[in-house]
Amino acid sequence: MDIALLENLLFAMVRSGTPLLFCGLGVLICERAGVLNLGQEGMMLMGAVVSFIVTYSSGNAGLGILAGTLAGIATSALFAFIALFLRANQVATGLALSIFGAGLAAFVGAPYVGETIQGLSALQMPLLADIPLLGRVLFAQDFLVYLSWVMAILVFLVSQRWRAGILIRAVGENPQVARKLGVPVQLIRYLAVFFGGAMAGLSGAYLSLSYTPLWAEGISAGRGWIALALVVFASWRTGRLMLGAYLFGLSSILHLLMQGFGFAVSPNLLAMTPYLVTILVLILLSRPGKKRNKVLAAPASLGKVYLPEAH
Amino acid sequence: MRLEARHRPSKFFVLFSPVLAALLTLVSGYLMFSTLGTPPLETLYSFFIFPIQDWYGISELMLKAVPLLLCALGLSLCFRAKVWNIGAEGQFLMGALVGGAVALQLNEQSGFWVMPAVILAGVAGGLFWAAIAAGLRNYFRCNEILTTIMLNYIALNLLLWAVHGPLKDPHGFNFPESALFSPAVSLPLIHDYYRTNISLYFAIGLMVCLSLMMARTQLGYRIRVFGEDESAARFAGFGTASLVTIVLLASGGLAGLAGISEVAGPVGQLIPHLSVGYGYAAIIVVFLGRMNPFGMALASLLIGLTYMGGESIQMDYNLPKAVTQLFQGMLLFFLLVTDLLIHYRVRFDLKQPTEVAN
Amino acid sequence: MFFRNTPIWLRIALLLALPTSLFAQQPIEPLQVAFLHENPVGEGGWTLSHEKSRAQIDEYFGELVQTSALDGVNPGVDAERVMTQLAREGKQLIFATSFGFLNPTRRVAPRFPDTIFEHASGYLTSTNVGTYQIRAYQGRYLSGVAAAMVSETGVLGYVGSFPIPEVIRGINAFVLGAQSVNPDIVIEMVWINSWSDAGKAREAAELLVFNGADVITHHTESSSAIQAADQAGVWSIGYQSDRSAAAPNKHLVSVVHNWFPFYRRDIQAVLDGEWQSHSTWIGVEEDASQLVSWGASVPPEVIDRVQQVKQQMIDEAPNPFVGPLYDTQGQLMLEEGIAMDDEALLSMEWFVKGVEGQLP
């Protein structure tokens with residue numbers, strides 16, 4: 001394989017993996033805090049449509065990105081209100097959010113279908129971008145790709161290095177005990193959900209401003225669900241999440257690349273590999289007969305309703 | 001404002017909260033349509049009443065409600081046992097795929113056994129898909145929420161692969177569709193003019209069976225106890241693994257039945273976009289119907305109506321079809337909110353410290 | 001319809017009293033025309049091209065015609081109900097704009113002999129069902145001429161959706177047009193196996209550019225392949241609707257479906273009471289397949305040459321598929337001097353020589 005091809009491959013991998021990375025980071029923090037929000041698709045679509053509309057109307061992509069993030073947070077606030085404040089079933093609330101968000105996004109976006117905007121331009125770093133093989137991949141991306149790396153580092157530090165990570169994990173493992181130790185369980189969960197909303201919103205903004213700068217109904221194409229799988233695949237670890245995001249991204253376009261080499265593989269069979277691999281990872285994480293692997297397994301209270309007054 | 005736990009669940013709100021949720025959805029719809037500048041009452045009429053103002057509309061509503069109800073009946077068993085099966089969509093698709101593949105094999109056959117064989121194949125397809133989730137939970141302790149989501153997407157891609165590949169109609173000009181099913185492998189219609197087929201009888205029969213089972217049998221009792229308190233159930237000697245397996249298999253089989261009823265019924269062939277989200281909408285039906293078979297029948301009619309209403313207002317007022325999803329989402333949101341009143345009282349005194357914000 | 005304009009209490013009363021009167025025909029009413037689309041209108045593409053023509057109809061016929069449209073109709077289970085409802089509501093002319101509506105149309109039409117059904121890109125007609133489509137391959141051929149003239153690398157890129165005859169016909173015509181300028185030109189294909197996946201269309205276009213293509217065209221709903229080509233600094237040819245906005249720098253031309261001539265004629269025939277079942281296939285001679293929005297930087301001789309070829313097509317040689325034609329294996333598929341008939345065109349499932357890439 002020549003260098004130019006490899007460079008292009010890496011570039012395409014980062015491009016198609018970025019929306020998954022954004023959304024996955026949000027899911028990771030949220031699930032670490034024990035909250036299962038299945039409404040990723042709805043939040044992502046709201047982020048995509050709002051950032052597109054704002055960018056189109058104002059001509060300012062920065063404003064669009066901000067608005068998309070806020071739209072994601074606002075949508076997640078709906079989830080937080082119902083699932084955390086009112087303690088409703090998280091699975092049902094998340095599903096309602098994914099159906100409602102998709103509908104609302106299609107609804108408000110309808111007048112903007114067919115409009116075009118100038119996509120985000122690449123921010124080239126002088127000299128560094130000319131390094132062979134990795135130069136373009138690392139130093140000639142657009143703002144949102146750099147931001148996704150910053151967020152990944154931040155999530156890594158928060159969840160694996162800083163004290164906040166211990167608190168989040170405590171809340172996710174056993175909220176009752178955490179509360180007895182004086183951890184503000186609900187507050188941490190609210191913040192985690194809002195962070196998830198912001199990340200899903202950014203993921204949507206990347207789709208409608210950078211990846212394919214246009215708005216179309218269902219532009220997320222199931223990426224919210226892939227992100228949920230991705231976090232499981234990554235066993236709730238940031239490094240693996242990043243690797244997984246790019247691998248999953250690559251697998252979604254692999255059939256196109258293989259056609260270029262004269263191989264015909266069913267794109268549908270390829271499209272199911274991320275899910276198959278994720279199930280495989282789930283199996284490996286929880287082999288029978290062994291003790292539950294605390295570092296790698298799902299947070300113990302994931303998806304369970306937390307009743308503060310119950311204990 | 002704060003929430004105060006009731007000593008015992010409010011019986012009134014158990015029954016009334018779905019009605020309240022529906023009313024709130026209607027009010028929101030009214031407000032939404034008025035802000036959009038369409039006549040709100042007329043639009044609501046067009047959404048909720050116009051589609052079912054005659055026998056044809058009612059027969060179509062039945063047709064739409066049957067797959068929702070079949071999926072929901074199975075899901076309610078799972079949810080009662082606190083097994084969070086999100087996989088009705090995948091089980092539906094696998095029922096359609098396996099049943100459809102068998103139907104294509106038997107397309108030229110005739111005989112009394114052909115139709116039952118096709119239906120059984122569909123049920124088996126759904127069963128098999130749910131069995132994977134059951135196995136993963138029982139042997140590997142994999143969270144069924146996560147595995148069933150993955151299995152939904154695997155099933156969808158299997159279906160897409162099949163209609164783009166091995167099951168594609170050889171005379172269909174490369175369109176990703178299977179051949180049409182012959183009458184021998186299609187479900188008989190109840191009446192020639194309407195599209196409603198005998199799957200309606202299956203749904204009604206199963207609805208009655210299920211309510212009898214839950215109320216009268218040992219198994220129903222076990223499922224309820226298991227859902228209330230898993231450790232108590234274990235103490236009483238109920239096998240966790242076998243109960244999980246039973247509810248998941250039942251749910252998968254019913255969703256598979258819904259899938260094959262759809263392809264061997266109104267659709268008549270395998271196509272890429274078989275499901276319009278029945279498996280997910282059925283989850284709304286379960287919650288809205290209070291996991292009660294008769295309640296779920298009513299709920300499936302209401303959710304079925306939201307699909308037809310979306311078409312109707314698009315025709316009459318040129319509103320986007322997304323209103324269907326908006327209504328479905330709102331309905332579930334409002335229900336989850338009003339359900340709170342079953343277990344809590346809302347107090348407006350400010351003196352007591354709030355318990356909720358930790 | 002009169003029922004729609006009455007107060008709600010009266011409607012309910014009517015509903016209870018006279019259910020059969022609801023569908024009574026009102027002779028002075030405008031002709032009720034309905035459009036049924038499988039995909040959402042989208043930002044460019046098939047459905048949008050129909051909707052643009054519908055807007056022209058509204059303007060042209062004014063009071064005489066009342067149109068309505070539904071998009072995102074699932075062809076599997078919903079289309080049959082929607083068609084039946086439309087017919088029962090008193091729609092007199094129903095345009096089903098997607099091939100997927102074949103079976104629903106076949107089932108519904110016999111039940112409503114007084115309603116006229118028109119099925120786009122279909123092949124089954126009956127007393128009240130007509131079919132219509134556009135010879136889009138003619139526009140494709142012309143754009144192939146233009147592509148070969150501006151290409152410097154001699155490689156053209158084509159983003160495909162599904163290998164159905166409609167798509168294959170377009171590819172082959174594009175190749176033949178390009179070969180009429182440069183016999184050695186190569187067309188690279190990438191199939192994305194989706195109509196609407198914007199991300200994959202973009203990735204496919206990037207891949208084609210990487211493989212040396214300096215003109216990109218597509219047969220997908222989304223404009224993202226055009227956007228990607230433009231960003232990569234190569235020429236792009238939009239399809240189905242005017243995509244020039246997606247390629248501000250180097251748009252070559254857009255090959256547009258213009259359904260208006262057919263719709264105008266068809267509706268006029270219904271208004272005059274002269275409608276008869278038909279199987280219509282119109283092309284450049286009626287401007288149904290149009291080349292619009294030439295880019296500012298396109299050399300004038302390219303536009304002139306294409307105009308000449310188009311005039312030739314209208315005057316003497318409407319069919320670019322004339323033998324000898326060979327497939328990619330070099331096998332003779334059409335004898336010398338013979339023009340391919342419509343039946344063979346409709347079921348085309350092979351590539352002419354010069355296409356690189358196989359059927360997925």
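So, Ser293(C): with 17 C-beta neighbours inside 10 Å, this serine counts as partly exposed. On the terms here, a residue is buried if 20 or more other C-beta atoms lie within 10 Å of its own, exposed if 12 or fewer, and partly exposed in between, with the C-beta atoms placed from the backbone. Ser293(C) sits in the loop between β12 and α10 of chain C, and has a positive phi of about 55° although it isn't a glycine.

Quick housekeeping. This is a predicted model, so local features need pLDDT of at least 70 and side-chain atom pairs count only at pLDDT 80 or more, while totals for chains, interfaces and linings use all residues. Residues are numbered from 1 along each chain as its sequence is written, and chains are lettered from A and ligands numbered from 1 in the order in which they are written.

There's another residue like that in chain C. Gln240(C), not a glycine either, has a positive phi of about 80°. Is Gln240(C) buried or exposed? Buried, because it has 23 C-beta neighbours inside 10 Å. You'll find Gln240(C) in strand β9 of chain C. Pro324(C) lies in the loop between α10 (300-315) and β13 (325-326) of chain C. As background, most residues other than glycine have a negative phi, and most peptide bonds are trans.

On to the sheet in chain C. Helices (H or I, at least four residues) and strands (E, at least two) are DSSP runs, numbered from the N terminus, and two strands pair if DSSP finds at least two bridges between them. Seven strands make an open, mixed sheet, in the order β12-β10-β9-β8-β6-β7-β15 (chain C). At the edges are β12 (289-292) and β15 (355-356) of chain C, each with a single partner strand, so one side of each has no neighbour in the sheet. Inside, β6 (residues 155-160) and β8 (residues 215-218) of chain C run parallel, joined by 4 bridges. Leu156(C), for instance, has Val215(C) as its bridge partner in β8(C). Helix α5 (residues 136-150) of chain C packs on this sheet, touching β6, β8, β9 (235-240), β10 (251-257) and β12 of chain C. Here, contact between two residues means C-beta atoms, placed from the backbone, within 7 Å.

Now, how do the chains meet? 42 residues of chain B are in contact with 45 residues of chain A. Which helix gives the largest share of chain B's side? That's α13(B), with 12 residues. By class, this side of chain B has 30 nonpolar, 9 polar and 3 charged residues. For the classes, Ala, Val, Leu, Ile, Met, Phe, Trp, Tyr, Cys and Pro count as nonpolar, Asp, Glu, Lys and Arg as charged, and the others, Gly among them, as polar.

Chain A also meets chain C, through 23 residues from chain A and 31 residues from chain C. On chain A's side, α11(A) brings the largest share, 5 residues. That side divides into 14 nonpolar, 8 polar and 1 charged.

Leaving out residues up to four places away in sequence, Ala282(B) touches Leu68(B), Cys71(B), Ala72(B), Leu75(B) and Ala88(B).

Definitions and conventions:
Axes fitted to C-alpha atoms, helices over the stretch in contact; angles between N-to-C directions.
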